[in-house]
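Open your viewer and get ready to click around. We'll go stop by stop, picking something to select each time.

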Amino acid sequence: MQNKELAQIIIHAIDKGQVKDKKALSRLKIHLSKEYKLKKLPTNQDILSSVRKPSKKIIQLLSIKPVRTLSGVAPVAIMTKPEECPHGKCIMCPGGINSYFGDVPQSYTGNEPATMRGISNNYDPYLQVFSRLWQYAAAGHNPGKIELIIMGGTFPSMEKNYQDEFVTYALKAMNDFSDLFYDKGEIDFCKFNEFFHNDTEEKIPDKREQILMSKGNSDLFSEQKRNENSWVKNVATCIETKPDFCMQKHIDQMLLLGTTRVELGVQCLEDSILKFINRGHTLNESIKATQLLKDSALKVMYHIMPGLPFSNHEKDIDMFRELFNNPDYKPDALKIYPCIVLPGTPLHKLWEKGKFVPLSTDEAAEIIAEGKKHIPKWVRIHRIQRDIPVKYASSGIDKNNLRQLVEDKLLEKGIKCQCIRCREAGIKHFKENSLTEIKTPKIFVEEYDASNGTEFFISSEDKAREYLYGFCRLRIPSTFPRKESDKDTALLRELHVMGKTAGIGSRGEGQLQHKGLGKLLLEKAEDICIKQGKNKLAVISGIGAREYYFKYGYKRTGPYVTKKLKV
Ligand code: SF4
Ligand SMILES: [Zn+2]
């Protein structure tokens with residue numbers, strides 16, 4: 001029996017109401033595999049792609065990897081072509097042109113999922129986005145809200161034309177995907193399966209030429225405009241850079257591209273270490289970039305690297321304390337990447353000579369667990385550990401599940417991480433397999449000084465503050481690097497409501513985004529703004545999210561939406 005026929009039996013059983021939930025689906029698959037003596041079962045994706053027009057029930061049962069979109073937004077990470085960083089190379093950096101790993105993006109090895117997708121799509125942004133959207137849709141998701149993540153090194157150091165084109169075609173892929181396969185906000189699986197499906201179970205690589213035919217020519221402005229009305233909306237854009245390529249002219253260009261979040265390679269808080277590892281910038285630039293980003297209403301995520309040469313256990317833990325006690329830093333989010341030794345790097349030579357010893361897995365977990373004591377409620381820890389599989393490292397972390405090991409340590413030590421990620425209603429509820437029902441929401445406001453300004457973290461949480469339903473970041477800046485703001489302006493750097501992406505929910509999931517929490521948070525922000533004597537609120541908003549603010553009286557003003565408030 002072919003997988004395809006088996007898929008038809010399963011679909012038939014679902015349609016007849018004989019398969020009520022995912023457990024029943026697994027039981028049926030196992031039963032059929034025994035009966036037909038199959039070596040391999042069809043995946044949910046295989047089954048889904050064999051239906052022309054799947055019912056809601058089928059999509060619900062066959063939808064996979066729900067955690068990807070639990071925070072309401074589907075991430076699409078794409079890679080830029082390999083190009084050297086202008087300052088040279090940091091001693092731990094594995095990639096770049098002519099590297100040990102071949103021609104790969106500068107800080108990557110070619111073995112990370114996003115780099116592999118980049119390579120197989122020839123670093124073409126159109127193909128990369130299109131194939132990622134295909135993956136989401138084929139897995140039963142509706143990728144209606146996209147966070148575009150541009151990876152590959154120091155994007156703002158690349159030629160402006162390249163940057164503009166890269167983002168143009170990433171957006172065009174979203175817009176074309178919407179035109180081709182969407183009908184009134186829903187994926188039309190008839191059209192979708194017709195385009196991607198044939199008898200040989202053809203997958204996206206075989207469709208590349210066909211996809212490229214629709215790439216055509218366009219420009220940034222046209223695609224941004226088109227995206228405002230697309231069903232696949234670019235609601236956030238993230239760019240990676242290093243602090244010296246994050247001065248105002250770089251920020252202005254990033255804003256032009258629709259950026260809402262910047263990932264800043266700060267790595268550590270000691271100048272002598274930065275010098276030794278050849279970062280090409282000092283702490284002063286990290287501090288300056290942080291303030292410029294915040295005063296331009298952008299979200300700031302730091303990449304930090306415990307275990308660098310000349311650091312030690314105490315210094316690394318102290319770095320966490322300093323990050324959130326010193327107002328010069330206070331990033332909104334973190335990626336924690338303990339230093340590892342990768343072949344072909346100058347650090348590798350030091351390690352070979354016995355002049356450098358990286359953190360072991362246990363040491364790294366210990367430092368991060370201790371560091372978590374200093375994480376405030378307004379920080380999100382996005383990642384712990386690089387996405388480079390450990391088998392490619394010569395020394396350092398030797399397990400791919402560092403995050404889990406850190407969690408085990410926290411449990412042992414009785415430390416509760418209070419970061420946003422650990423309290424996000426969606427993820428927590430999903431893990432517990434319970435409904436994402438909002439219990440006793442209450443508004444909390446945390447005020448703190450940061451980068452010469454005042455921040456208000458406004459959140460909707462349950463009374464015990466265990467579940468976070470949504471939040472926003474309001475800033476009273478002290479400098480006005482953009483013409484859209486002045487001394488009477490406050491900035492809204494982020495507004496986020498948890499919940500699965502609309503359209504793919506089941507059992508009540510997906511509802512969080514529709515309960516008016518966003519409006520509630522926005523009203524509270526406006527209220528604080530007025531109390532602070534500011535008569536204008538400027539909001540950074542992804543292109544596809546602007547429409548949301550128009551409903552509440554905001555008008556487009558450059559890369560922002562703004563509203564005059566009655567003081
Ligand atoms: S800045 Fe980043 S990408 Fe550039 S050399 Fe250093 S680690 Fe590599
Ligand atoms: Zn956490």
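This is a predicted model: local features need pLDDT of at least 70, side-chain atom pairs count only at pLDDT 80 or more; totals for chains, interfaces and linings use all residues.

**Stop 1**

Now select strands 10 and 11. Strand 10 covers residues 333-336, and four bridges join it to strand 11, running parallel. (Strands are DSSP runs of E, at least two residues, numbered from the N terminus; two strands pair if DSSP finds at least two bridges between them.) Strands of a sheet pair through backbone hydrogen bonds, either parallel or antiparallel.

Zoom out, and you'll see seven strands in an open, parallel sheet, ordered 1-4-7-8-9-10-11. At its edges sit strand 1 (74-79) and strand 11 (380-384), each pairing on one side only.

**Stop 2: Lys 335**

Stay in strand 10 and click Lys 335. Is Lys 335 buried or exposed? It counts as buried, at 11% relative accessibility. (Buried means under 20% relative accessible area, exposed over 50%, partly exposed in between, using a 1.4 Å probe and protein chains only.) Show Glu 263 too: a polar contact of 3.0 Å joins the two side chains, Lys 335 and Glu 263. (That's a pair of N or O atoms within 3.5 Å; within protein, one must be able to donate a hydrogen and the other to accept it, and residues adjacent in sequence count only if both atoms are side-chain atoms.)

**Stop 3**

(Donors are N, O and S atoms within 2.8 Å of the metal, or 3.2 Å for Na, K and Ca; water is not among the atoms, so sites may look incomplete.) Cys 419 is buried at 0%, while Cys 422 is partly exposed at 26%.

**Stop 4: Arg 482**

Finally, find Arg 482 in the loop between strand 14 (468-476) and strand 15 (489-497). Arg 482 is buried, at 13%. Its side chain makes polar contacts with the side chains of Asp 252 (2.8 Å) and Glu 484 (3.0 Å).

Technical notes. Residues are numbered from 1 along each chain as its sequence is written. Chains are lettered from A and ligands numbered from 1 in the order in which they are written. Side-chain values use heavy atoms; hydrogens and water are left out.
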